[in-house]
Amino acid sequence: MIRPSLGQQADIAWRAALPVGLTILLLFTALLSWHLPRLGTVASALVLISVFFWTVHQPGLMTMWGVLSIGLLHDFLMLAPIGVGLLVLLVVHGVALWQRKPLNGMPFLLIWAVFGLVAACATILTWLLVSFLQETLVNPVQAFNLFLLEFVCYPPLAYVFAWIERRLLPTD
Amino acid sequence: MNKRMGSIGAAAATRSWTHRFTFVLLVAFAFGLMLIGKPDSIIVSRLRMAVMDVTAPLINAVSRPIDAARETASDVQDYFALKAENEALKRQNDTLMEWQRVARELQAENASLRELLNFQMGPKVSFVTASVVADASSSFVRSLIVLGGTKAGVAKGQAAMTGAGLAGRVLEVGERSARILLITDINARVPVVAERSRDQAVLAGRNSDMPELLYLSRDNDVKVGDRIVTSGQGGVFPAGLPVGEVASVTGGHIQVQPFVDFSRLENIRLIDYSLPGILMQDLGVDTTKALSPNNQTGLLSPGAGE
């Protein structure tokens with residue numbers, strides 16, 4: 001058996017780390033000082049889309065450990081009640097993994113609709129958890145804004161992710 | 001052959017169950033984290049500040065080219081607007097000179113009145129200017145990360161101000177970074193007073209752009225356009241810091257438009273008013289005696305001057 005060279009190993013490693021790395025990069029990029037209001041909402045939306053997309057298309061590279069690290073980093077940096085983002089991302093990962101096979105055979109519009117449903121449930125769950133932890137009903141309009149952002153951002157991001165997947169990642 | 005297939009199937013099933021079990025464990029871990037973090041847990045706070053201490057300088061370093069590009073674009077814009085701006089500044093300068101004259105008169109009057117009253121000055125405030133490295137505000141939280149921590153003299157509870165007014169307060173401090181809770185956050189409560197009518201209230205954030213006034217008396221006289229300033233009650237902020245302007249009064253809901261434009265925060269002043277120490281230490285006199293009802297000598301006493 002031929003062992004891969006160090007260069008090949010590094011090549012395999014960075015490609016394998018791409019989905020999780022890209023998600024963390026998106027989180028950081030959205031947090032940079034762009035001086036635009038409430039970029040935290042954008043960061044949360046980007047992370048959720050990324051976790052859903054890569055779980056459906058590259059589940060071997062978006063593992064639950066990857067989701068754990070993304071979720072923890074998200075919660076520490078976003079300064080929201082800790083654990084909420086992690087839990088919601090884990091649930092989204094679980095659902096996407098469970099429905100992965102039927103989702104992979106669907107046309108894009110249908111996948112988008114399913115994502116919309118998952119994002120809506122995730123937003124409601126986040127809203128309920130934050131309201132419970134803060135012992136007050138958080139403004140639902142803000143939660144709706146988050147959902148809307150996730151839903152609208154999905155097609156362009158999915159397009160970019162799909163391009164990256166075709167170019168840089170091995171077929172599953 | 002069948003035996004081998006069977007053992008492969010059993011291994012796959014075991015792997016699948018292990019995977020599911022680990023997943024459930026992680027979900028339980030997330031729940032546990034939520035419950036540990038619910039009260040202001042010291043462990044969570046320290047962990048969070050440790051992560052922020054590492055990431056804040058990184059985010060700041062990456063942000064520099066963006067800031068530079070934005071500044072260059074702004075410089076070009078400024079260059080084209082130079083003439084109009086110059087005229088506007090000249091007009092503003094005339095107005096400010098008049099204000100300066102008024103301020104000098106008031107300063108002199110204030111000094112003589114203070115002398116008359118034997119007024120004891122409060123301690124001088126100290127402040128640290130910190131740059132905003134990340135706006136971590138989202139649908140469920142309104143806060144900022146600033147580059148400046150205990151090493152720079154930042155401490156929990158300090159007021160976060162801009163030239164326009166009060167932005168929030170320091171909630172958590174690390175060695176090199178701090179977390180600011182904005183006055184628009186749902187957890188923010190600031191004792192305030194309407195400058196014109198002197199109605200006392202509590203400004204409560206709602207995670208939206210406009211916080212609300214709570215606990216106003218029924219016969220309040222707050223109107224749209226009234227300036228809202230801190231009342232100094234509760235001892236977190238001193239009295240008189242500008243907060244915002246009443247934007248709407250509808251059906252018992254009074255919304256306030258903060259003076260600070262939260263979308264344009266670049267630098268923020270973290271001001272230490274040393275409030276808890278004012279009465280007992282900073283004046284250099286034993287004020288407990290002066291505040292005592294039996295005291296007949298201090299000016300703070302009702303019996304003074306008899």
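Two strands count as paired if DSSP finds at least two bridges between them. Helices (H or I, at least four residues) and strands (E, at least two) are DSSP runs, numbered from the N terminus.

**Entry 1. Conventions.** I noted that this is a predicted model, in which local features need pLDDT of at least 70 and side-chain atom pairs count only at pLDDT 80 or more, while totals for chains, interfaces and linings use all residues. Residues are numbered from 1 along each chain as its sequence is written, and chains are lettered from A and ligands numbered from 1 in the order in which they are written.

**Entry 2. Strands β6 to β8 of chain B.** I looked up β7(B) and found three bridges joining it to β8 (residues 212-214) of chain B, with the two strands antiparallel. B:Ala204 stands opposite B:Glu212 there. β7 (residues 200-204) also pairs with β6 (residues 189-194) of chain B, again antiparallel, over five bridges. In that pairing I located B:Val190 opposite B:Leu203. β6(B) and β7(B) make a hairpin with five residues between them, and B:Arg198 in the turn has a positive phi of about 60°.

**Entry 3. The barrel of chain B.** I traced a closed barrel of six strands in the order β1-β2-β5-β4-β3-β12, with antiparallel pairing. From one strand to the next the twist averages 45° (axes are lines fitted to C-alpha atoms, for helices over the stretch in contact, and angles run from 0 to 180 degrees between N-to-C directions). Helix α2 (residues 42-80) of chain B packs on the sheet and touches β1, β2, β4 and β5 of chain B; contact requires C-beta atoms, placed from the backbone, within 7 Å. The direction of this helix makes about 80° with that of β1(B). I also checked β1 (residues 126-135) against β12 (residues 267-272) of chain B, which pair antiparallel over six bridges. B:Ser131 has B:Asn267 as its bridge partner in β12(B).

**Entry 4. Chain A against chain B.** I recorded 39 residues of chain A in contact with 40 residues of chain B. Among the helices of chain A that each supply at least two residues to this side are α2 (18-31), α4 (64-78) and α8 (140-168).

**Entry 5. Helix α4 of chain A.** Why does the span of α4(A) agree with its 15 residues? At 1.5 Å a residue (the expected span being 1.5 Å times one less than the number of residues), α4(A) should span 21 Å, and its end C-alpha atoms are 20 Å apart. Eleven of the 15 residues of α4(A) are buried, meaning that 20 or more other C-beta atoms, placed from the backbone, lie within 10 Å of their own. Among them I listed A:Met64, A:His74, A:Asp75 and A:Phe76.

Key. Two residues are in contact if their C-beta atoms, placed from the backbone, lie within 7 Å. A residue is buried if 20 or more other C-beta atoms lie within 10 Å of its own, exposed if 12 or fewer, and partly exposed in between; C-beta atoms are placed from the backbone.
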